[in-house]
Amino acid sequence: MGAGVQFEDFLPSMARKLGVEGLIEELCKGFELLMDPRVGKITFRSLKRNAAMLGLGELRDDELSEMMREGDLDGDGALDQMEFCVLMVRLSPELMQDESHRAFQC
């Protein structure tokens, strides 16, 4: 993601507090809050509309677009639930250093 995008990383503390299953449940809830219910995915428009709920309201359109591009693994222009969860984990380097990362390994 671009150097201008800054966010407070709550995932490691959430993982410690909730456990891995609880963290995954919270990520799923976050996905549901951000997704466009008509498409079942997070689109740029749904992210922009709902970003303030996650404390991302101050992000510019180009920063939101970069976040979408970084997470869009299949290139369809939207984030499905798996892409969203992978993006959130990738944006949390501390989480990957924590013991909780083992739940995300196959």
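Reader: Is Leu54 buried, partly exposed or exposed?
Author: In this predicted model, Leu54 sits in the loop between helix 2 (44-50) and helix 3 (61-71). Buried would require a relative accessible area under 20% and exposed one over 50%. Leu54 has a relative accessible area of 40%, so the word that applies to Leu54 is partly exposed.

Reader: Is Thr43 buried or exposed?
Author: Thr43 belongs to the loop between helix 1 (11-34) and helix 2. Leaving aside neighbours within four places in sequence, Thr43 is in contact with Asp36, Met68 and Ala78. Because the limit for this class is under 20%, the 16% relative accessibility of Thr43 makes the residue count as buried.

Reader: How many aromatic pairs are found in the whole structure, and is the pair of Phe31 and Phe84 stacked, edge-to-face or tilted?
Author: The search of the whole structure finds 1 aromatic pair. The ring centres of Phe31 and Phe84 are 6.0 Å apart and the planes stand at 50°, so this pair is tilted.

Reader: How far apart in sequence are the parts that this pair ties together?
Author: Phe31 is buried at a relative accessible area of 4%, and Phe84 also counts as buried, at 5% relative accessibility. Since Phe31 lies in helix 1 and Phe84 in helix 4 (residues 81-90), the pair ties together parts whose separation in sequence is 53 residues.

Definitions and conventions:
Residues numbered from 1 in each chain as written. Predicted model: local features only at pLDDT ≥ 70, side-chain atom pairs only at ≥ 80, totals over all residues. Heavy atoms only, no water. Helix = DSSP H or I, 4+ residues; strand = E, 2+ residues; numbered from the N terminus. Buried < 20%, exposed > 50% of the residue type's maximum accessible area, 1.4 Å probe, protein only. Contact = heavy atoms within 4.5 Å. Phe/Tyr/Trp six-rings, centres within 6.5 Å; stacked < 30°, edge-to-face > 60°.
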